[in-house]
Amino acid sequence: MEILINTGMLMPITIISLVLLFAFSLFRVLREYERGVIFFLGRFEKVKGPGLIIVIPIIQQMVRVDLRTVVMDVPSQDVISRDNVSVRVNAVIYFRVTDPQKAIINVENFLQATSQLAQTTLRSVLGQHELDEMLANRDMLNTDIQAILDARTDGWGIKVSNVEIKHVDLNENMIRAIARQAEAERTRRAKVIHASGEMEASTKLVEAASKLALEPNAILLRYLQTLTEIAGEKNSTILFPLPMELMKGIFNQNAPPEQKSTQHESQQGSEKGSEQDKAPTS
């Protein structure tokens with residue numbers, strides 16, 4: 001230092017250092033996904049980037065803007081549906097800056113503004129639908145929320161590309177009520193299916209009985225087929241069909257004497273009547 005002072009080189013070296021520092025401060029490097037919003041004495045001048053740009057210190061200021069897609073988690077919101085059911089819903093939104101000038105000039109903090117707008121929009125849209133629609137039609141709700149957010153953030157130079165509802169949390173009482181409703185619905189469907197099956201089976205049985213009645217031997221063949229099926233199984237029950245005429249003869253032999261005499265007299269009377277009918281008339 002004394003040598004520089006004695007030789008008079010301190011001042012030139014200081015000036016050169018300041019010039020080099022000023023020259024280096026002129027250059028800024030912006031990545032491919034970054035843009036620089038340049039202000040000249042406080043007024044907007046242009047948007048520069050990417051690459052190497054020149055920013056004059058003091059009279060120019062630069063604000064960096066990231067153009068990549070931002071994934072923002074919307075905090076859980078308490079929502080009362082149209083059918084007066086309280087639920088907690090959270091979502092995630094995907095957006096990016098399309099106009100750096102609007103994103104810096106038209107809104108103070110576009111990230112915070114987009115987050116607050118997403119929360120209020122989520123509550124207002126879901127409050128217009130019933131719980132069943134929230135659980136079953138998420139794609140439709142996502143589309144509605146995305147369209148509203150995209151329209152309202154267009155003035156901020158932001159494009160909302162997608163909105164996804166992640167969770168719809170219910171309390172325990174509502175979960176049990178939904179489970180009971182689902183069980184009752186399943187029971188109702190089972191009863192309807194069973195009744196439909198019974199009706200179809202009865203119709204087919206009537207058709208089968210009509211076809212069997214056309215041929216007397218068909219019912220006998222059906223008996224034999226049933227016996228074959230029973231004999232194929234390991235059981236001690238044997239079914240054998242008997243003609244009704246044979247059963248009538250057995251019942252007549254086991255009848256009391258009075259009933260037999262009455263039947264015999266009626267038979268004789270019928271025979272005499274037939275003989276008189278056959279006798280020639282003079």
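Me: Why is Glu34 called buried?
Reply: Buried means under 20% relative accessible area, exposed over 50%, and partly exposed in between (1.4 Å probe, protein chains only). Glu34 has a relative accessible area of 10%, so Glu34 is buried. The model is predicted: local features need pLDDT of at least 70, side-chain atom pairs count only at pLDDT 80 or more, and totals for chains, interfaces and linings use all residues. Residues are numbered from 1 along each chain as its sequence is written, and side-chain values use heavy atoms, with hydrogens and water left out.

Me: What makes Glu34 and Arg64 a salt bridge?
Reply: A salt bridge needs a side-chain nitrogen of Lys or Arg within 4 Å of a carboxyl oxygen of Asp or Glu. For Glu34 and Arg64 the N to O value is 3.0 Å, so the pair qualifies. Glu34 sits in strand β2 and Arg64 in strand β5 (residues 60–66), 30 residues apart, and the pair links distant parts of the chain. Helices (H or I, at least four residues) and strands (E, at least two) are DSSP runs, numbered from the N terminus.

Me: Which network includes Glu34?
Reply: Salt bridges that share partners join Arg31, Glu34 and Arg64 into one network. The structure holds eight salt bridges.

Me: How do you know that Arg88 and Asp78 form a salt bridge?
Reply: Their closest N and O atoms are 2.6 Å apart, so the pair meets the limit. This pair also links distant parts of the chain: Arg88 is in strand β7, Asp78 in strand β6, ten residues apart. Arg88 is at 39% relative accessibility, so the label is partly exposed.

Me: What does the salt bridge of Glu130 and Arg82 tie together?
Reply: The side chains of Glu130 and Arg82 meet at 3.7 Å, N to O. Glu130 lies in the loop between α4 and α5, and Arg82 in the loop between β6 and β7, so the pair ties together parts 48 residues apart in sequence. Glu130 has a relative accessible area of 31%, so Glu130 is partly exposed.

Me: Why is Ala91 called buried?
Reply: Ala91 is at 1% relative accessibility, so the buried label holds. Ala91 is found in strand β7. Not counting residues up to four places away in sequence, Ala91 touches Met72, Asp73, Val74, Leu122, Glu164, Ile165 and Lys166. Contact means heavy atoms within 4.5 Å.

Me: Is Asn142 buried or exposed?
Reply: At 7% relative accessibility, Asn142 counts as buried. This residue is in helix α6. Leaving aside neighbours within four places in sequence, Asn142 is in contact with Val163, Glu164 and Ile165.

Me: How does the span of α4 compare with the expected one?
Reply: The expected span of a helix is 1.5 Å times one less than its number of residues. Helix α4 (residues 110–126) has 17 residues and reaches 24 Å from its first C-alpha to its last, close to the 24 Å expected.

Me: What covers the buried residues of α4?
Reply: The cover includes β6 (70–80), β7 (86–97), α3 (100–105), α5 (131–136), α6 (138–152) and β8 (158–169). Among the buried residues of α4 are Phe110, Leu117, Leu122 and Val125.

Me: How do you know that β2 and β3 pair?
Reply: Two strands pair if DSSP finds at least two bridges between them. Five bridges join β2 (residues 34–40) to β3 (residues 43–48), so they pair, and they run antiparallel. Ile38 stands opposite Lys46 in β3. The two strands form a hairpin with two residues between them, and Leu41 in the turn has a positive phi of about 55 degrees.

Me: Why is Val29 called exposed?
Reply: Val29 has a relative accessible area of 57%, so Val29 passes the exposed cut-off. Val29 lies in strand β1.

Me: Which residues form the nonpolar patch on the surface?
Reply: Phe22, Phe27, Val29, Leu52, Ile54 and Ile56 form the patch, with about 580 Å² of accessible area together. The elements that give two or more residues to it are β1 (27–30) and β4 (51–54). Patches are made of residues with over 30% relative accessible area and no salt bridge: like charges are joined within 9 Å, nonpolar side chains (Val, Leu, Ile, Met, Phe, Trp, Tyr) within 5 Å. Accessible areas come from the Shrake-Rupley method with a 1.4 Å probe; for residues, only the protein chains shown count as cover.
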